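Subject: Structure for you, with pocket notes

Hello,

Here is the structure I promised. Please open it beside this email, and read my notes on its pockets below.

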Amino acid sequence: MGIYLNPKNRGFQEAVNSQIYVDKTGLIEHTNACLNTKQKYICVSRPRRFGKSMALEMLAAYYSRGCDSKDLFRGLTIRKKKTFRKYLNQYDVIYLNMQHFLIRAKAQRMTAYLEQVVLEELRETYGELFSEGIVILAEALEKIYAKTDQQFIFLIDEWDCVMRERQESEALQRQYLDFLRSLLKDQPYVALAYATGILPVKKYGQHSALNMFWEYSMTDQHDLEAYTGFTEDEVQALCQKYEMDYAETGSWYDGYRFRKFQHIYNPRSVVSAMVLRNFSSYWTSTETYDALKVYIEMDFDGLRDDIVQMLGGGRVKVNTLSFQNDMQNFKVKDDVLTLLIHLGYLGYDAEAQEAFVPNKEIIMEFENAMSVGGWPDVMRVLKASETLWADTLAGNAKCVAEALDRAHTEVASILTYNDENSLGCAIGLAYYSARKDYKLIRELPAGKGFADVVFLPLPHTDKPAIIVELKYDGTADAAIQQIKDRQYVQALEGYSGEVLLVGISYNRDDKDKPHSCVIEKCEPLFPLEL
């Protein structure tokens, strides 16, 4: 038993003993199926706060010969699986937190320091099998395997810390990747290698040292989707137990989506909200807005336009394939957007290949970043949105139209109206403050078409639902009539409160007052009690 070789199960024990523990042990069934197969190299990349280290502690507790964990898994999902006892505490595990080595090595080369301390522990158990003169970890493991047939499971946390924290040193990155390749690739002593980080692994220029890894990232988690964050069922159960509103929890922390699981929640933030009984942004407790500020201010044509569109509730197409999987070599705006997806600042729809701002917590991070950056025009629109929203709820169509004229003037240098979609993004931005009490939905299927923008009130708000129809070079009256003719209010079936119909038009030929607005009240077509 040691620090790096065959660690104990204390980390996972603390997780299980915590006030909130969500069972993710089904992941072990997946890794068991990968042992000694061509799929044995697994790299799982996720943002911070998404349980990467906890997953490694769970795998260490399960596989490590350094502990007896059968009671620790009592009542958990993996206990019911056929392979549970077969591999339980049956492997030598080498657990490496690369962040620790990077910090502690200081002037010494990181990988040399790593090999030194891990070899010290290996000698305590297998010292008679390799000579004192061996200073290369891979060489020692080859000797052990040749004489014992003993395989190892490698659990690697923060695998990408060199790429993130030594961005300027390509030589160090290359040496580090060569070390990992020599240690892991095509080595018979590797039964499983499970690495976690924020960045995927497959590209670093022409130096693709770790191309044997199967990648599970925020652009596609494949069959590990359920273990990426909290699922709908898991969050519903927590909300019921802690008497927290499920809809508001979703508004704050939902929004990450994959092919099968359309709703994935930020686990750290959900746990914080449940334990503290308070909805807030818990993102800033582990990262500052400076990290986001650097990327959204990069000078790529169209980047600011895309950010504004997403803040307005829109989506943007992203080509994630050009990204070089580092934090320095950006060639086009899609590289920056792809990095923001991996960092968790954007959600991603793999089938539509579109990025979007996922939830209220992340919206607040963008607001913080823009407030100290070069976005004064956008910030003025956001600050004015409270008044605009109050005028809308009061039915003051004249003031709404005038406010939209001012908002358009502010963002015209970034976001140009050229169709109803861009108009919709600008409207979503202008109504930014509404997201405190509403869920904004663009292109909601409704009646005989799609409602342009719908604001659905959160359950605690006691405020009206709002259906917004937009007309580019049309009239606000025509927009209202379309809501009625196509029966968009049917989208609110099951809602029992008041409904506001808002028609907004933009006439590019009217330079003085390009926007017009009509606001009407109505009742839902099929009111039901909630």
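In this predicted model, 43 residues line the largest pocket, and Ser251, Lys439, Leu440, Ile441 and Leu456 lie nearest its centre. A pocket is an open set of points on a 1 Å grid over the protein atoms alone, where a 1.4 Å probe fits and protein lies on both sides within 12 Å along at least five of seven lines; lining residues have an atom within 4 Å of a point. Residues are numbered from 1 along each chain as its sequence is written. Totals for linings use all residues, whereas local features need pLDDT of at least 70.

The largest pocket holds about 1,300 Å³ of space. Volume here is the space filled by probe spheres set on the points, which are joined across faces, edges and corners.

Which elements give two or more residues to this lining? They are α11 (246-253), α16 (360-371), β11 (438-446) and β12 (449-457). β11 gives the largest share, 6 residues. Helices (H or I, at least four residues) and strands (E, at least two) are DSSP runs, numbered from the N terminus.

The lining has 19 nonpolar, 12 polar and 12 charged residues. Ala, Val, Leu, Ile, Met, Phe, Trp, Tyr, Cys and Pro count as nonpolar, Asp, Glu, Lys and Arg as charged, and the others, Gly among them, as polar.

Now the second largest pocket. Its volume is about 730 Å³. Its lining has 30 residues, with Arg49, Phe50, Gly51, Lys52 and Met54 nearest the centre. α3 supplies the largest share, 5 residues.

Best wishes

Terms used
This is a predicted model: local features need pLDDT of at least 70, side-chain atom pairs count only at pLDDT 80 or more; totals for chains, interfaces and linings use all residues. Side-chain values use heavy atoms; hydrogens and water are left out.
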